[in-house]
Amino acid sequence: MELIQEVMIMYCTRNVTEDLVWVGGNDRRLSLFEGVYKVPYGVSYNSYLLLDEKTVLLDTVDKAVGGIFFENIEHTLNGRPLDYLIVNHMEPDHCAMIEDLTRRHPETVIVTNAKVAGMIKQFFNFDIDSKLKLVSEGDELSTGKHNLTFIMAPMVHWPEVMVTYDKTDRIPFSADAFGCFGAINGALFADEVDFYRDYFDEARRYYTNIVGKYGAQVQALLKKASAVEISMICPLHGFVWRRDFADYIAAYDKWSRYEPEKQGVVIAYGSIYGNTENAAEILACRLNELGIRTKMFDVSVVPASEIVAATFEYSHVVFASATYNGGIFVKMEDLLHDLAAHNFQNRTVALIENGTWAAMTAKQTAELLGKCKNLNILEQKVTIKSSVKQAQNEDIDALAKTIAGTF
Ligand code: FEO
């Protein structure tokens, strides 16, 4: 009797359409995405495998989920060769498995643009030239039933990024655009979860911190996207959108125009012994009494990424900072640099400064934000010497009224 040894290939895939399969993975142990951003709910690395007359893999994944990724691919291919790998984005959370893939599938042709090809050579050592099919804006690739075309999307969020658009099923594979922090937990589609309740804040934090600097480039991509029909959106992180994505696109449009979603005041304070915090608390009380919504952050304990996201959400920002070694309190200074690096703009700003030797931070903060576009930095400020006294109470009350007058 012949013994047949079966190799069980584990998999956790989801069908996006009849012939398009999600073959990515989730990482819930990553402490810092890009070495910077906390991802308490994890992150997904999406990769998609199209099973047409030709088989086509769209991007790979981070090395952290490489094992499950290859199990997913081999299960889905079910013995078929992998004809094409399309590389839309060369950041290592999506490209890490390219060299391993070419070893497992030497038959695979890599379809991508010239900038990506250059980066593949920078990251890896294999002979890419013999495997390469270069494409440019508007080129087409027929895989049988499907016709794919390529839309360049530089700086969304690296210079080489492109979007592959499946003209047959009207699906853009949108790279980082429309992505989201958070593992997807078996629910591939955004309509399988309560996205706006459970994920939208993380989507905003993802957008603002990862792509937020590149509003003009996102606007350019949205303009190109508006010229094609879209039935689904397949990003590299987070959920696939198959319905009701107009509001999500509208959020991207607003964020990339640097327009606030809501009227309200973010109060970010840097306080050493609690006196600056006290001033911030008093201001928050006065603003709420005037009917103005506030969101408060202690910069010493809240990661900058959350505060950056809040400044994209709200129309006004108050920075209240203790003076530290003659300068801006160190955690506040970090935040201000981070905001400037993310193109913080188009907001009304008010300043509170505190200092026992000398209060210096209002002028220094205004100077640091001087390179940011279209900020309305109120001349009226509050200066505290060590702690809030009656005179500062009155100043805070007056500042609240001035802020209210700008709504
Ligand atoms: Fe998810 Fe720009 O990489």
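Student: How are α6 and α10 oriented to each other: roughly parallel, roughly perpendicular or oblique?

Tutor: This is a predicted model, in which local features need pLDDT of at least 70, side-chain atom pairs count only at pLDDT 80 or more, and totals for chains, interfaces and linings use all residues. Residues are numbered from 1 along each chain as its sequence is written, and side-chain values use heavy atoms, with hydrogens and water left out. Angles under 35 degrees count as roughly parallel, over 145 as roughly antiparallel, 65 to 115 as roughly perpendicular and the rest as oblique. Helix α6 (residues 200-211) packs on helix α10 (residues 304-313) at about 95 degrees, with the axes 8 Å apart; the two are therefore roughly perpendicular.

Student: Which residues of α6 and α10 make the contact?

Tutor: Contact means heavy atoms within 4.5 Å. From α6 come R204, R205, Y207, T208 and N209, and from α10 come S305, E306, V308, A309, F312 and E313.

Student: At what angle do α9 and α13 pack?

Tutor: Helix α9 (residues 275-289) meets helix α13 (residues 390-405) at about 45 degrees, their axes being 9 Å apart. The pair is therefore oblique. Among the residues in this contact are I282 and L283 of α9 and I396 and L399 of α13.

Student: Is N72 buried or exposed?

Tutor: Buried means under 20% relative accessible area, exposed over 50%, and partly exposed in between (1.4 Å probe, protein chains only). N72, which lies in helix α1 (residues 66-77), has 0% relative accessibility and therefore counts as buried. A polar atom of the N72 side chain lies 3.4 Å from the backbone oxygen of V23.

Note on methods. Axes are lines fitted to C-alpha atoms, for helices over the stretch in contact, and angles run from 0 to 180 degrees between N-to-C directions. Helices (H or I, at least four residues) and strands (E, at least two) are DSSP runs, numbered from the N terminus. A polar contact is a pair of N or O atoms within 3.5 Å; within protein, one must be able to donate a hydrogen and the other to accept it, and residues adjacent in sequence count only if both atoms are side-chain atoms.
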